[in-house]
Amino acid sequence: MKLLLDTHTLLWFIEGNNLLSEKAKLLIEDLDNEIFISSISLFELIINEKIGKMRLNKPLTEIFTDIKIADICTLTISNSHLLEYQKSPFPRITEIPLTD
């Protein structure tokens, strides 16, 4: 099975965080599965740390090493990906009341 991890799943897996479900952890650790992340996820980690939205528990170089050890493949973003994304509609964000 091929699995694409989002940023939080990657971070929770690398950090051994309990927020990652046992099922997800087993799927990621299953050697029969191919595990992927987007290079954008790594960029997101850096941005969120720089703006103070999150604090990484280890240096980014160690995270890179952990990704390599876990045999997680990092997918790059090509110009053709960006061109396809540019064609897609951008979702409109609307205000949703929190209470009735």
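In what order do the elements of the protein run from the N terminus on? They run β-α-α-β-α-α-β-α, where helices (H or I, at least four residues) and strands (E, at least two) are DSSP runs numbered from the N terminus.

**Figure 1. Overview of the predicted model.** This is a predicted model, in which local features need pLDDT of at least 70 and side-chain atom pairs count only at pLDDT 80 or more, while totals for chains, interfaces and linings use all residues. Residues are numbered from 1 along each chain as its sequence is written, and side-chain values use heavy atoms, with hydrogens and water left out. The protein has five helices and three strands, and of its 100 residues 23% count as buried (buried means under 20% relative accessible area, exposed over 50%, and partly exposed in between, with a 1.4 Å probe and protein chains only). Its accessible surface comes to about 8200 Å², of which 58% belongs to carbon and sulfur atoms; the areas come from the Shrake-Rupley method with a 1.4 Å probe, and for residues only the protein chains shown count as cover. Among contacts between residues at least 6 apart in sequence, 73% join residues at least 24 apart, a contact being heavy atoms within 4.5 Å.

**Figure 2. The open sheet of three strands.** The strands follow the order E1-E2-E3 with parallel pairing, and two strands are taken to pair if DSSP finds at least two bridges between them. Strand E1 (2–5) and strand E3 (72–75) stand at the edges, each with a single partner strand, so one side of each is left without a neighbour in the sheet. Neighbouring strands of this sheet are turned by 30 degrees against each other on average, direction ignored; axes are lines fitted to C-alpha atoms, for helices over the stretch in contact, and angles run from 0 to 180 degrees between N-to-C directions. E1 and strand E2 (residues 34–38) pair in the parallel sense over four bridges, and Lys2 stands opposite Glu34 in E2.

**Figure 3. Helix H1 and its surroundings.** Thr7, Thr9, Leu10, Leu11, Phe13 and Ile14 are buried in H1, and the buried residues of this helix pack against E1, helix H2 (22–29), E2, H3, H4 and E3. H1 and H3 pack at an angle of about 75 degrees, with their axes 9 Å apart. That makes H1 roughly perpendicular to H3, given that angles under 35 degrees count as roughly parallel, over 145 as roughly antiparallel, 65 to 115 as roughly perpendicular and the rest as oblique. On the H1 side the contact is made by Thr7, Leu10 and Leu11, and on the H3 side by Ser41, Leu42, Glu44 and Leu45. Just after H1, Gly16 takes a positive phi of about 70 degrees.

**Figure 4. The largest nonpolar core.** This core has 17 residues, and those with the most contacts inside it are Leu10, Ile37, Ile67 and Ile72; a nonpolar core is a set of buried Ala, Val, Leu, Ile, Met, Phe, Trp, Tyr and Cys residues joined through side-chain atoms within 4.5 Å. E1, H1, E2, H3 and H4 each supply at least two residues of this core, and the largest share, four residues, comes from H1. Leaving aside its neighbours within four places in sequence, Ile67 is in contact with Leu10, Ile14, Ile37, Leu42, Ile72 and Thr74.

**Figure 5. Residues of helix H3.** Asn48 lies in H3 (residues 39–50) and is buried, with a relative accessible area of 11%. Not counting residues up to four places away in sequence, Asn48 touches Lys53 and Met54. Ile46, also found in H3, counts as partly exposed at 32% relative accessibility. Ile46 and Leu56 are ten residues apart in sequence and, C-alpha to C-alpha, 9.0 Å apart in space.

Figure 6. Asp71 is placed in the loop between helix H4 (60–69) and E3, where Asp71 is exposed, with a relative accessible area of 65%. Although Asp71 is not a glycine, its phi is positive, at about 60 degrees.
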